[in-house]
Amino acid sequence: MSSTNEIRKGVVIRHQNDLFVVVEFQHINPGKGAAFVRTRMKSLAAGKVVEITYKVGESVDIVEVEFQTMQYLYKNGANYVFMNMNDYEQVEMNGDLIGDEAKYLKEGIEVIVGLFEEVPVSVQLPKKITYKVVEAPPAVKGDSASGNVTKEITLDNGLKIQAPIFIKEGEEILVNIETGEYSARA
Amino acid sequence: MTTVNFFKSSRDLSGWFCCNLHMSTWLDLKDNPRLKGIYDTRLKIIKSIREFFWSQDFLETDTPIAARYPGQEPYLNPMRTQIHNPSGAAFDFFLHTSPEFAMKKLLAAGYKKIFQICHCFRDEEEFGGRHNPEFTMIEWYRAPGELLEIADDTENLFKYLGEKLGVKKINYKDFKIDISGEWDRKSMKEIWKIFINVNLDDYLEIEKIKILVKERGFAVCENDAYEDLFYKIFLNEIEPKLGLEKPIFIYDYPAQMCSLSRLCDNDKRYAERFELYFGGLELANAFGELTDAECQSRRLNEDKKLREKLGKQSYPVDKDFINALKSGVPAGENYSKKAAGIALGVDRVVLLFSGAKDINETIFQSAKDQTEFDE
């Protein structure tokens, strides 16, 4: 058994005989009492999301997961394909399990994949990823005056985001993966 | 093989991801209109809170942030600092976790309606999410005053902020929370009946609630206090459902969780305390204040002992605070009249009104922003 201090994004917890991967966690101090950890976890079998709150210090059944640096290759139907850069072994993971962050994947980027009994259960992306801007409408004179300080641009993996009007086609930019927003020029 | 051992190196993992990219919030404010909008909302909310309380004849007080004797809450961690006089003698001080003691001393000095917006500090709290170790709090007190009046003040304050910001419904998570109509007010006992069909009266003793916690499938540890067991049920089965359509005040907490509040006149098994919830998020904690000096001194000394047992920093109970209660709060009244007060998290208010995704987005240079800059 492990302690609640080891709860992190991507760890796998056995709860009432089912396995769940932690997608979000937060320490909370209700009122003025002891601290608790609230987790949002996704069932590895059913994909359903549950919220479970543990008292800090309570023992939690965390199962051992191996973390590997892998490269994202391509999308295969509903699955995403990753390659272990040491032995060139490939693994596939369903988009539902990756969740919303799947849209930030871009060919060739390095991610950390969590493997439970050799089956991928979680993917952690870098905090910021560099993309090339493939489409950006030119800024129109008077944009700033009318309050239009951002515009929609398209990135080299097809993702569309809002960016400042000074961003041009062909430039490389950094996107903050936590918020999905423009962060800076690369 | 570049296998990362997760259990040893979660810190290394985050470092792996950082790639020397610096967060600098001023740049975010400059380039990201959404974040600029959130910060603008913050400034407007702070101004409007002041306007509201001044218009209600409250006085804005100002008390030290560095305190010699902070509160004794067993699970809070005040940040210790040392101050030296010119000859080099060192004095231990603590950054306050709340201005509560100092403001109650002002009530003893004769102030009747006071408010204060200030930064508070709690060590070992989450960097982001719903917490930052340095956060902004508003506290206000009425002496004489009733808990019910504090609830009315709170509701009126949010409605005033809603008018100033043009917001009737707050979008939080997937909820649209209507702040413009009448808010919900329910006792803890009613809430347990509604959501889990349990009569809380039957579970006010530790041995009894222990059985209920096990029955409902939660772990019971040997050292669990009553409130730990209570929260295992409350946090899992009740809190996430509170205030989804309109804000709700939950009042009358079991006496075991009285903290600095007085026990209810009509039922001593419960204490005069309420918390305010929006979409499962706790915003404020209020007390019908415990003004009995002897009882307060006893409770603080018990909390101090518990702190020592838990291995927390130990410091003396603030005797000046006990003396202030002895002289009477409200001033000169010997427990004959009540006093009430509340602490409300300003960053969380900004989070709700601005639609920020994380508390860090409501704070200029949060602990996370500043520490990530170092990496």
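The questions and answers below go through selected features of chain B in a predicted model.

User: How are residues and chains labelled, and which pLDDT limits apply?
Analyst: Residues are numbered from 1 along each chain as its sequence is written, chains are lettered from A and ligands numbered from 1 in the order in which they are written, and side-chain values use heavy atoms, with hydrogens and water left out. Because the model is predicted, totals for chains, interfaces and linings use all residues, while local features need pLDDT of at least 70 and side-chain atom pairs count only at pLDDT 80 or more.

User: What is the strand order of the open sheet of 8 strands in chain B?
Analyst: Strands (E, at least two residues) and helices (H or I, at least four) are DSSP runs, numbered from the N terminus. Two strands pair if DSSP finds at least two bridges between them. The pairing in this sheet is mixed, and the order is β2-β6-β7-β14-β13-β12-β11-β10.

User: Which are its edge strands?
Analyst: An edge strand here pairs on one side only. In chain B these are β2 and β10 (184–187).

User: In β14(B), which residue is the bridge partner of Glu139(B)?
Analyst: Strand β7 (residues 134–142) and strand β14 (residues 340–345) of chain B run antiparallel, joined by 6 bridges. In β14(B), the partner of Glu139(B) is Ala343(B).

User: Which residues of strand β8 (residues 169–172) of chain B form its covered face?
Analyst: In a regular strand the side chains alternate between the two faces of the sheet. In β8(B), Lys169(B) and Asn171(B) make up the uncovered face. The covered face is Ile170(B) and Tyr172(B).

User: Which residue in the hairpin of β8(B) and β9(B) takes a positive phi?
Analyst: β8(B) pairs with β9 (residues 175–178) in the antiparallel sense over 4 bridges, and Ile170(B) stands opposite Ile177(B). The hairpin has 2 residues between the strands, and the positive phi, near 50°, belongs to Lys173(B).

User: Is Glu155(B) buried or exposed?
Analyst: Buried means under 20% relative accessible area, exposed over 50%, and partly exposed in between (1.4 Å probe, protein chains only). Glu155(B) has a relative accessibility of 8%, so the residue counts as buried.

User: How many residues apart in sequence are the parts tied together by Arg185(B) and Glu155(B)?
Analyst: A salt bridge is a side-chain nitrogen of Lys or Arg within 4 Å of a carboxyl oxygen of Asp or Glu. Arg185(B) forms one with Glu155(B), the closest N and O atoms being 3.1 Å apart. Because Arg185(B) lies in strand β10 and Glu155(B) in helix α5, the pair ties together parts separated in sequence by 30 residues.

User: What is the N to O distance in the salt bridge of Lys159(B) and Glu155(B)?
Analyst: Both residues lie in helix α5 (residues 147–165) of chain B, 4 residues apart, about one turn of the helix. Lys159(B) is partly exposed, at 24% relative accessible area. The N to O distance is 2.9 Å.

User: Which residue's side chain makes a polar contact of 3.0 Å with that of Asn360(B)?
Analyst: Asn360(B) lies in the loop between α11 (346–354) and α12 (367–374) of chain B, and counts as buried at 10% relative accessibility. A polar contact is a pair of N or O atoms within 3.5 Å; within protein, one must be able to donate a hydrogen and the other to accept it, and residues adjacent in sequence count only if both atoms are side-chain atoms. The partner is Ser366(B).
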